[in-house]
Amino acid sequence: MSRISRAIVAASLTAVALSTLTLDNNVRAAPASSSEYTVKPGDFLAGIAAKVGVTLPDLLSANNLTTKSLILPGEKLVVPAIAAAPAAAAPTAATAPAAGPLTYTVRSGDYLMGVAVAHKVTLADLLAVNKLTVRSLITPGMVLSLPANAVAPTAAASQPASPGAAPGPAASSITYTVASGDYLAGIAAKFKVKLPDLLAVNKLKPTSLILPGLKLVMPVGAVEPATSAANAILESTPGPAGVVVAYAYAQLGKPYRFFTAGPDTFDCSGLVKAAYAQIGMTLIHQAAAQSGYGTLVDIWGGGTIQAGDLIFMATHGDPAVITHVGIAVDAKHWIHAPKPGDVVRLAPLPPKGLIITVRRLIGE
């Protein structure tokens, strides 16, 4: 081989090696895959999002959930991956902001940018002196250090209402303790009050963060929601049966759709399948097949229906063919997805004459 030919071959091999190296670097630069988070007692969706460092919308989207979705201890949630920001050339080291003598105690409704603006400092400096990030969760009672250049806000003087201005809503004696999964508009609807009135009497904004345990005052005109028999049962039903019933209860009002098992639509056996999946039981998605699980509850021979029992019916003509199933809440009520055009409902149990069989999947 001539000297020129050998030079050409060597150059070609070098180019291939460089190309391979570039490809290998690109592969290694791929973002990490998603991880999982196991729900713990007391967890709620917004708190989990803050804990794992993602936005609430991203967490909901990754798990096909909504802000109203029920999460239970032991449930595994997908934590969406966050692509690492490309490394930038190290800038000239800047002097880190120093904390000044002023501090600020977080109140309900506060958010980091609002605290920074109120004290005339940059958000970046506020985060730096407190070792926080823009995703950090701040809660009422937390004490924040303020940068050295912070200015204490002047207390606004009380101003009389303008002549003719409508007075603000008055507070009533009714209070409500925020529970996991609550949101302001939902609480207003529950007590039959306007959202602006609820916000006004609690000095909140539509974007204010509310956490479980926070007590809210209701405006005058609020109506306390009646505690139904089903709600009382949910609070007193222990163990796996309580988990199954609680899940079914959380789906009330969702539309019926044939051969779906959530999270947004259900048919009768799909609701049962999804509810029992919460306690680790995998059921076939068909009412007749589900009637083969568990043990018989002989309600005609003196047996009593309990929370979590499955109630089976024939709804399409042939009394010997099981076509419908629901979940007992107690000895008198059940939750079921009745038919197309309807929604998941809490209703009285059907008469014994219409029930084909009752099965118990959870041991006493």
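Two strands count as paired if DSSP finds at least two bridges between them. In this predicted model, β7 and β12 (residues 355-360) are joined by 2 bridges and run antiparallel. Both belong to an open sheet of 6 strands.

- Strand β9 contains glycine 326.
- Glycine 326 has a relative accessible area of 1%, so it is classed as buried, the cut-off being under 20%.
- Setting aside neighbours within four places in sequence, glycine 326 contacts Asp309, Leu310, Ile311, Trp334, Ile335 and His336.
- For one of these contacts, histidine 336, the C-alpha atom is separated from that of glycine 326 by 4.4 Å, although the two residues are 10 residues apart along the chain.

**Helix α2 and its cover**

- Helix α2 spans residues 45-52, and its buried residues are Leu45, Gly47, Ile48 and Ala49.
- An α-helix has 3.6 residues a turn, so residues three or four places apart point the same way.
- The cover over the buried residues of α2 includes β1 (35-38), α3 (56-62) and β2 (76-79).
- Glycine 53 follows α2 and has a positive phi, near 80 degrees.

**Helix α5 and the residue after it**

- In α5, the buried residues are Leu126, Leu127, Val129 and Asn130.
- These buried residues pack against β3, α4 and β4.
- Just after α5 comes lysine 131, with a positive phi of about 55 degrees.
- Lysine 131 lies in the loop between α5 (123-130) and β4 (143-147).
- The relative accessible area of lysine 131 is 78%, so this residue is exposed, the cut-off being over 50%.

**The loop between α9 and α10**

- Most residues other than glycine have a negative phi, and most peptide bonds are trans.
- Phenylalanine 259 is in the loop between α9 and α10.
- Phenylalanine 259 is not a glycine, yet its phi is positive, about 55 degrees.
- With a relative accessible area of 51%, phenylalanine 259 is exposed.
- Proline 263 is also found in the loop between α9 (239-250) and α10.
- The peptide bond joining glycine 262 and proline 263 is cis, with omega about 0 degrees.

**A nonpolar surface patch**

- Tyr111, Met113 and Val117 make a nonpolar surface patch of about 300 Å².
- Tyrosine 111 sits in the loop between β3 (99-105) and α4 (112-118).
- Tyrosine 111 is partly exposed, with a relative accessible area of 41%.

Note on methods: Residues numbered from 1 in each chain as written. Predicted model: local features only at pLDDT ≥ 70, side-chain atom pairs only at ≥ 80, totals over all residues. Heavy atoms only, no water. Helix = DSSP H or I, 4+ residues; strand = E, 2+ residues; numbered from the N terminus. Patch = residues over 30% accessible without salt bridge, like charges linked within 9 Å, V, L, I, M, F, W, Y side chains within 5 Å. Areas by Shrake-Rupley, 256 points an atom, 1.4 Å probe, with all protein chains shown as cover. Salt bridge = Lys/Arg side-chain N within 4 Å of Asp/Glu carboxyl O. Buried < 20%, exposed > 50% of the residue type's maximum accessible area, 1.4 Å probe, protein only. Contact = heavy atoms within 4.5 Å.
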